[in-house]
Amino acid sequence: SSLLSLTSSLSPPPLSLSPLSLSPSLSLCQWEAQHQDVSCEQFQLWKRENDPDYQRQGLAGFLRDNGITCPHCRFQYALTKGGCMHFSCSQCRYQFCSGCNNPFHTTACKTVQCKITGLHAHHPRDCLFYLRDWEPARLQALLQRNAVEFNTDPPNGTQTDACGVMEQKDEGGQQIDSPCGVQTQPGQAGLCNKHYREYLVSLINGHTLDPAILYDQQEVTVACKRYQVEEQQGEGEDDRVYKARLLKKLMEVPLGEKVPRMRN
């Protein structure tokens with residue numbers, strides 16, 4: 001693909017195409033002559049392959065095109081998942097996590113042993129909710145371990161001083177869609193730190209990779225408690241043996257069933 005400029009040994013991740021219904025503050029379909037007699041999906045493909053302005057958007061365009069889809073009514077938003085992950089659909093008012101699509105509960109839920117009575121959601125271990133706290137180098141290590149390629153350089157001609165990923169921001173009590181604007185970082189493909197992490201997590205989710213393989217002992221123990229896996233260490237049990245046993249049991253807990261996977 002000509003959309004992404006790569007490091008010398010890397011090739012771009014497969015980019016999927018899907019017609020997007022944009023959020024109310026964005027125009028819906030931008031009509032151009034090339035759209036005549038072709039679907040929105042085909043037109044997006046044409047723009048990706050032929051429009052220099054579109055190509056210069058680089059990974060900002062990738063994150064936008066793989067934006068947020070309401071799991072209840074399927075309305076699609078061309079917005080990044082970063083920031084507050086408690087998302088409320090403007091169409092059906094369904095409240096969900098934009099990283100794993102699990103519902104946000106405003107009162108007690110039916111999850112076994114859950115004692116939370118206020119606003120909360122239950123996130124799987126591969127949800128962006130948890131992985132956004134990982135440093136990019138650690139996310140990259142997980143991808144490299146599984147031979148998944150990723151980008152580090154911005155596309156040629158891309159302005160790299162400010163991140164151009166679209167976000168939903170609260171300005172004066174109104175939800176406004178506008179570019180991120182945070183300073184980009186070298187080696188992060190023309191994105192700010194937050195959105196580069198989101199890009200890496202999208203690859204991890206897209207290839208259904210389990211982050212638990214990189215957990216340290218404390219992370220394994222915390223995750224076992226979170227997902228109600230027995231974590232008691234046996235008397236005289238070696239620490240390394242104990243961790244390996246817990247990790248094996250933890251990885252038997254399925255990854256998020258609703259986590260968005262890479263569109264093919």
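Q: Glu 237 first, then: buried or exposed?
A: Glu 237 is buried, at a relative accessible area of 17%. Bear in mind that this is a predicted model.

Q: And which residue does Glu 237 form a salt bridge with?
A: That would be Arg 245, with 2.9 Å between the closest N and O atoms. Arg 245 itself is partly exposed, its relative accessible area being 30%.

Q: Why does Glu 237 count as buried, while Arg 245 is partly exposed?
A: The cut-off for buried is under 20%, so Glu 237 at 17% falls within it. Arg 245 has 30%, so it lands in the range between 20% and 50%.

Q: Okay, zooming out: how many salt bridges are there in the whole structure?
A: The search finds six.

Q: What about Arg 125, which residue is its partner?
A: Arg 125 pairs with Asp 210, and their closest N and O atoms are 2.8 Å apart. This pair links distant parts of the chain, 85 residues apart: Arg 125 sits in the loop between β4 and α4, and Asp 210 in the loop between α6 and α7.

Q: How accessible are Arg 125 and Asp 210?
A: Arg 125 is buried at 2%, and Asp 210 is buried too, at 14%.

Q: Nice. Switching to Glu 219, what does it bridge to?
A: Glu 219 forms a salt bridge with Arg 138, the closest N and O atoms being 2.7 Å apart. Here helix α7, holding Glu 219, is linked to helix α5, holding Arg 138, across 81 residues.

Conventions: Residues are numbered from 1 along each chain as its sequence is written. This is a predicted model: local features need pLDDT of at least 70, side-chain atom pairs count only at pLDDT 80 or more; totals for chains, interfaces and linings use all residues. Side-chain values use heavy atoms; hydrogens and water are left out. A salt bridge is a side-chain nitrogen of Lys or Arg within 4 Å of a carboxyl oxygen of Asp or Glu. Helices (H or I, at least four residues) and strands (E, at least two) are DSSP runs, numbered from the N terminus. Buried means under 20% relative accessible area, exposed over 50%, partly exposed in between (1.4 Å probe, protein chains only).
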